[in-house]
Amino acid sequence: MFWKFDLNNTSHIDQLLDREGVTLRELMEEEDVLQECKAQNRKLLLFLSKDHCMQELVTLITEEPPADLEEKTRFKFPNIACELLTSDVALINDKLGGDESLLEKLYHFLEQEPPLNPLLASFFSKTIGNLIARKTDQVISFLRKKHNFISLVLNHIDASAMMDLLLRLISCVEPALLRMEVLNWLNEERLIQRLTELMHTGRDEERQSNASQTLCDIIRLSRDQANQLSEVTEPDPLLTVLESQENVSELLKNMFEGERTEASVVNGTQVLLTLLESRRSGLEGLMDLYSQGFERSYTVNSSILRAIEPHLKDFQQLLLNPPTRSAILTTVGVLEQPLGSARLHVARLVASLLQTCDLSICQEICRLNTMDLLLDLFFKYTWNNFLHLQVELCVASILNHSAHSDHQNPGLQNHEERPATGTGSQLFQHCRLVQRILDAWEENDKIQAEGGRRRGNMGHLTRIANTVVQNLEKGLAHSQINDLIKELPEDCRGRWEGFVGETLRETNRRNTVDLVSTHNLHSSSEDDDMESPFPNDLSIQQAFSDYQIQQMTANFVDQFVQYINVSHIHAAFDRIAEINFNIDANAAAFEACCKERIQQFDDCEEEEDIWDEKEINYATQIKSRSRYMLQHHPQLGIFQVNLFIEHYLCTDPGWTASFSETEVSSSSAWGGSPQQEGEGQQDTNWASFTEFHCVMLHTTLFWNVC
């Protein structure tokens with residue numbers, strides 16, 4: 001047994017601890033020191049929790065190591081010290097959180113002049129964050145006594161570790177009542193207002209970026225925790241300030257005051273987008289909203305919208321005159337004037353604002369002709385799919401909500417008295433959406449006819465055209481859209497009707513048909529005059545494609561066959577005799593082809609060892625038979641040929657493989673042979689390949705279908 005080898009060796013760390021004068025550095029040199037610490041090695045924990053050891057560990061994570069050390073080993077001990085302090089061991093947590101001198105030593109790290117060493121800052125943030133979660137009362141009480149704590153953290157906000165520390169204060173404090181106390185303390189320290197001030201155009205870009213990310217994370221965390229902590233009825237004070245009109249106005253002022261830089265616009269707009277977003281953020285949330293046909297809108301605090309509305313003209317100017325960017329080299333050539341992140345974020349903001357279905361916001365967007373500018377950019381930057389998605393979302397929002405806005409303000413329907421005031425009317429009249437779709441499509445067809453590349457915005461253009469058609473037929477504003485289409489010039493209306501009835505329908509058909517192999521397409525269309533008795537290859541491919549979304553089970557083949565209409569396949573086998581070729585005329589060649597790999601053992605050939613391994617490739621055998629039939633009967637596809645071979649071989653009980661001169665057959669593939677009259681006990685357990693070949697043919701057939 002294994003214990004006879006005496007594998008229960010004493011840890012080398014225990015041996016070191018038994019030695020007098022052992023140092024912390026010697027223990028940290030051991031590879032298994034972290035494992036032993038997390039494994040609650042009592043002797044090790046007692047040593048680490050000594051005052052001088054704890055002081056040394058804190059010093060390692062807060063003071064720069066000597067500069068003359070090798071770079072690869074310079075931060076070795078600080079990293080190990082951080083892992084030991086955050087190993088989530090109760091004895092170490094109690095010692096570190098209960099000793100105010102250690103907390104003071106940690107806090108002193110924040111009092112350094114910026115910039116902080118980013119690696120040491122991460123060690124500090126991780127250690128304090130662990131104490132906030134494990135020794136909440138002691139650490140929060142200590143930090144609240146430090147009146148300059150928030151100021152010091154914001155002073156080092158250029159280090160992302162400080163951003164993480166603030167988020168831990170908001171999200172890692174339990175219970176709920178203590179968390180509310182912390183939030184009120186942070187609000188009294190004007191955390192949100194001070195982060196908003198860092199968004200000013202004159203600030204360092206790194207500080208702007210981290211301040212923006214911190215505000216976005218606070219919004220999401222506060223909303224999520226407000227949903228989860230139902231027992232807390234008091235509103236989140238930080239979220240209340242963030243959503244206030246005063247704070248949003250201050251943010252916008254900081255974005256546009258002074259020289260407008262791309263960093264300030266992008267970072268500020270990200271905060272606005274987070275304030276406007278639903279519970280699910282990013283592209284996933286937008287596409288989820290799109291898939292539902294925009295039947296719901298965001299529940300947005302009206303104070304946010306009222307603060308944004310006066311600054312829509314500033315965002316309009318960004319679309320017209322963006323921050324200067326140098327030319328860039330792309331995979332499709334040199335882009336002299338790139339779109340830029342600023343204009344892309346403005347497009348995202350407009351899409352989010354339109355999704356709120358706020359009448360005043362939509363009217364202002366119409367007055368500024370913002371959609372006309374976005375469509376100009378859509379057709380100018382044909383390879384920027386990020387922009388294309390936002391424009392598509394804008395169009396879908398306008399078409400879906402125009403009925404609501406027109407109903408709320410009937411005066412918008414009077415196009416002569418109030419031109420381009422309704423979002424729907426502006427889209428078709430001033431922005432000339434239909435004409436642009438037709439012109440862009442014809443221009444792309446011309447480019448492709450000359451051997452050029454298909455434009456990169458054609459996929460989104462197809463979706464926009466389909467959105468127009470769907471809303472024209474059964475949308476909430478279908479009557480208004482019908483009227484607008486009728487007001488188009490006669491030639492344009494005729495082009496549109498032809499485009500919808502032919503070009504768009506054919507494009508949608510191509511986009512929904514699954515890709516199939518060229519061989520199957522060719523073989524299924526070689527002889528249109530012959531009515532095949534077998535199921536169509538394309539229908540089988542489509543059935544299998546649909547079936548893939550279902551759960552894979554053990555009886556997959558049986559279920560798949562049932563799924564593609566078993567009755568149709570059975571009817572096809574009943575018509576096997578209708579295949580238009582002569583079996584008898586080619587029977588000899590066909591039998592020779594079938595038996596080319598099956599030969600009897602010849603005992604007279606002593607030079608051949610019957611036990612030598614030989615490669616028998618049944619797939620090749622089946623393919624050779626298929627090739628033979630395809631050569632003589634090209635009207636058949638590979639699927640039909642395989643079905644015929646299966647039927648021919650598996651229904652003929654006389655075709656067997658024999659390893660002796662006497663024919664042996666059996667009722668099962670590996671069963672014993674029956675006794676014959678007048679003979680004694682016969683050799684048994686010889687293989688019959690009738691059923692075996694049927695199984696192999698089933699497998700080959702299945703993979704051909706796949």
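This is a predicted model: local features need pLDDT of at least 70, side-chain atom pairs count only at pLDDT 80 or more; totals for chains, interfaces and linings use all residues.
Figure 1. The chain has 706 residues, of which 46% count as buried. Its secondary structure is made up of 39 helices and two strands. Among contacts with a separation of 6 or more, 72% are between residues 24 or more positions apart.

Figure 2. Is Val-58 buried or exposed? Val-58 has a relative accessible area of 0%, under the 20% cut-off, so it counts as buried. Leaving out residues up to four places away in sequence, Val-58 touches Leu-85, Leu-96, Leu-102, Lys-105 and Leu-106. One of these partners, Leu-96, is 38 residues away along the chain, yet the two C-alpha atoms are separated by 9.2 Å.

**Figure 3. The largest nonpolar core.** This core takes in 157 residues, and Phe-149, Met-371 and Trp-496 have the most contacts inside it. Helix 23, residues 340–355, supplies the largest share of the core, with nine residues. In soluble globular proteins, nonpolar side chains tend to be buried together.

**Figure 4. A closer look at Trp-496 and its contacts.** Setting aside neighbours within four places in sequence, Trp-496 is in contact with Val-434, Ile-437, Leu-438, Ala-465, Val-468, Val-469, Leu-472 and Ile-485. Trp-496 is also among the residues with the most contacts inside the largest nonpolar core.

Definitions and conventions. Residues are numbered from 1 along each chain as its sequence is written. Side-chain values use heavy atoms; hydrogens and water are left out. Buried means under 20% relative accessible area, exposed over 50%, partly exposed in between (1.4 Å probe, protein chains only). Contact means heavy atoms within 4.5 Å. A nonpolar core is a set of buried Ala, Val, Leu, Ile, Met, Phe, Trp, Tyr and Cys residues joined through side-chain atoms within 4.5 Å. Helices (H or I, at least four residues) and strands (E, at least two) are DSSP runs, numbered from the N terminus.
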